[in-house]
Amino acid sequence: MPVDADFVTIFGSGNDLNTTLNYDIGTATDTGTSTLCGCINTTLDNFYTICPATPIGIIAPTPWFGWPTTTPDNRMEQYVEAMKQVCEYRGVPFLDLYHESNLRPENTVNRELCFYAQSLDGNGDGVHPNNLGHKIIAPKIYEFVKKLLLA
């Protein structure tokens, strides 16, 4: 990572929940690497060691077909809430694309329009936004980045 970056963003992923290690999500104050929250805090600690004055922000993943926002308290929602709590605890800007992306993978039409069509059944995969999906989230990311640059 270049130490002269104007800002850095970390874009979370549902893949963090699908590891063979099956990490516990943990709590906002965890340290070390035995929980996902601990991994986030360790990453931030390491980042600040290298770039103590560089603005950093964390972006939550967009909803996934298997973990839509319409299913309350699912594992992705728990992870996003934990990410948010870590950011609040650490004073790190947070963009919640899980709840605020306007992507709805549980809706067949939205999934087919806004996600890549790579699933086995021919419908949009409901995970990876395509060009239209990126056009929808790009303004939100742009505004978030502008705030980081002004920090």
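Let's start with Asn-74, in the loop between β2 and α2. Keep in mind that this is a predicted model.

Is Asn-74 buried or exposed? Its relative accessibility is 8%, so it counts as buried, since the cut-off for buried is under 20%.

What does the side chain of Asn-74 do there? Take the polar contacts one by one. A polar atom of that side chain lies 2.6 Å from the backbone oxygen of Thr-71. The side chain of Asn-74 also makes a polar contact with the side chain of Tyr-98, at 3.0 Å. And at the start of α2, a side-chain oxygen of Asn-74 reaches to within 2.9 Å of the backbone nitrogen of Met-76.

Asn-74 is then in contact with Trp-67, Pro-68 and Tyr-98.

Trp-67 takes us to the aromatics. How many aromatic pairs does the structure hold? Two. In the pair of Trp-64 and Trp-67, the ring centres are 5.8 Å apart and the planes are at 20 degrees, so this pair is stacked. Both tryptophans, Trp-64 and Trp-67, are buried.

Next, helix α2 itself. It runs over residues 75–90, which is 16 residues. From first C-alpha to last, α2 reaches 22 Å, close to the expected 22 Å at 1.5 Å a residue. Just after α2 comes Gly-91, with a positive phi of about 70 degrees.

Which residues of α2 are buried? They are Met-76, Glu-77, Tyr-79, Val-80, Ala-82, Met-83, Val-86 and Cys-87. Note that Glu-77 is on that list.

The axes of α1 and α2 come within 10 Å. They cross at roughly 35 degrees. The crossing of α1 past α2 is right-handed.

Who meets whom? On the α1 side we have Leu-36, Cys-37, Ile-40, Asn-41, Leu-44, Asp-45 and Tyr-48. On the α2 side, Tyr-79, Ala-82, Met-83, Val-86 and Arg-90.

To recap. Asn-74 is a buried loop residue.

How values were computed. Residues numbered from 1 in each chain as written. Predicted model: local features only at pLDDT ≥ 70, side-chain atom pairs only at ≥ 80, totals over all residues. Heavy atoms only, no water. Phe/Tyr/Trp six-rings, centres within 6.5 Å; stacked < 30°, edge-to-face > 60°. Buried < 20%, exposed > 50% of the residue type's maximum accessible area, 1.4 Å probe, protein only. Helix = DSSP H or I, 4+ residues; strand = E, 2+ residues; numbered from the N terminus. Expected span 1.5 Å × (residues − 1). Polar contact = N/O pair within 3.5 Å; in protein donor to acceptor, adjacent residues only side chain to side chain. Axes fitted to C-alpha atoms, helices over the stretch in contact; angles between N-to-C directions. Left-handed = near helix turned anticlockwise from the far one by under 90°. Contact = heavy atoms within 4.5 Å. Lists of a residue's contacts leave out its neighbours within four places in sequence.
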